[in-house]
Amino acid sequence: MPRLNVVLVGVAALACPLGCSGGDLTLPGSAEPAAILVVSGDGQSARPGTLLDQPLTVQILDASSRPVQQATVEFSFVGDVPGASLDPASVLTDAEGHAAAVVRLGDVTGEQLIVAKVASISPADLRARFSVTALPGGGHGRDGGGD
């Protein structure tokens, strides 16, 4: 009889892995995006037409505040900003949920706004905003951004 109990325990141990639903199982990086946070790059300034010193970086998190890997983030300027560029304009998040873009300021002085949004969310509720400034005759950006 003891042998039968061992066999029954062994069968019961196999029943859960074979019969349990994997619907509650969440693998790292497999959850849906629920939040977008500005990590770095906001508030920078440089001369018009120059690269900012730091890339704009966001982090995408799921509803449990875990990083979301492989989410598409799109960066774009708000309005028409002649001479401005973002590299890359669309990027996948890394293992930590981070996405970043290098900014070349537009040719005009003043505040320039950039939005990062999670592309797979419709409507695009997950957005982060960056404010950068093109300073007349000064600044600290790369490519000749300093005095």
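Colleague: How many helices and strands does the protein have?

Modeller: The protein has one helix and nine strands. Helices (H or I, at least four residues) and strands (E, at least two) are DSSP runs, numbered from the N terminus. The elements run α-β-β-β-β-β-β-β-β-β from that end. This is a predicted model, where local features need pLDDT of at least 70 and side-chain atom pairs count only at pLDDT 80 or more, while totals for chains, interfaces and linings use all residues. Residues are numbered from 1 along each chain as its sequence is written, and side-chain values use heavy atoms, with hydrogens and water left out.

Colleague: In what order do the four strands of the open sheet stand?

Modeller: The general idea is that strands of a sheet pair through backbone hydrogen bonds, either parallel or antiparallel. Two strands count as a pair if DSSP finds at least two bridges between them. Here the four strands take the order β1-β3-β7-β5, and the pairing is antiparallel. Because β1 (35-40) and β5 (85-87) each have a single partner strand, they stand at the edges, and one side of each is left without a neighbour in the sheet. From one strand to the next the twist averages 30°. For angles of this kind, axes are lines fitted to C-alpha atoms, for helices over the stretch in contact, and the angles run from 0 to 180 degrees between N-to-C directions.

Colleague: How many bridges join β1 to β3, and how many join β3 to β7?

Modeller: Five bridges join β1 to β3, and Leu37 has Gln59 of β3 as its bridge partner. Between β3 and β7 there are four bridges, with Val58 partnered by Ala99 in β7. At the other end of the order, β5 is joined to β7 (residues 98-104) by three bridges. Asp87 has its bridge partner in β7, namely Val102.

Colleague: Which strands make up the open sheet of five?

Modeller: That sheet has the order β2-β9-β8-β4-β6, with mixed pairing. Its edge strands are β2 (45-46) and β6 (90-92), each of which pairs on one side only. Three bridges join β4 to β6, and these two run antiparallel. Glu74 stands opposite Ser90 in β6.

Colleague: How many residues of β3 are buried?

Modeller: Buried means under 20% relative accessible area, exposed over 50%, and partly exposed in between (1.4 Å probe, protein chains only). In a regular strand the side chains alternate between the two faces of the sheet. In β3, six of its six residues are buried. One face holds Leu56, Val58 and Ile60, the other Thr57, Gln59 and Leu61, and both faces are covered. Thr57 counts as buried because its relative accessibility is 11%. Contact means heavy atoms within 4.5 Å. Not counting residues up to four places away in sequence, Thr57 touches Leu37, Val38, Val39, Ser40, His98, Ala99, Ala100 and Phe130.

Colleague: How many residues does the largest nonpolar core have?

Modeller: In soluble globular proteins, nonpolar side chains tend to be buried together. A nonpolar core is a set of buried Ala, Val, Leu, Ile, Met, Phe, Trp, Tyr and Cys residues joined through side-chain atoms within 4.5 Å. The largest one here has 27 residues, and those with the most contacts inside it are Ile36, Val58, Phe75, Val103 and Ile114. Two or more residues each come from β3 (56-61), β4 (72-77), β7, β8 (110-118) and β9 (127-134). The largest share, four residues, comes from β9. Leaving aside neighbours within four places in sequence, Ile114 has contacts that include Leu56, Leu86, Val103, Phe130 and Val132.

Colleague: Is Glu111 buried or exposed?

Modeller: Glu111 lies in strand β8 and counts as exposed because its relative accessible area is 54%. Glu111 and Ser131 are 20 residues apart in sequence, yet 6.6 Å apart in space, C-alpha to C-alpha. Their side chains make a polar contact (2.5 Å). A polar contact is a pair of N or O atoms within 3.5 Å; within protein, one must be able to donate a hydrogen and the other to accept it, and residues adjacent in sequence count only if both atoms are side-chain atoms.

Colleague: What share of the 147 residues of the protein counts as buried?

Modeller: Of the 147 residues, 33% count as buried.
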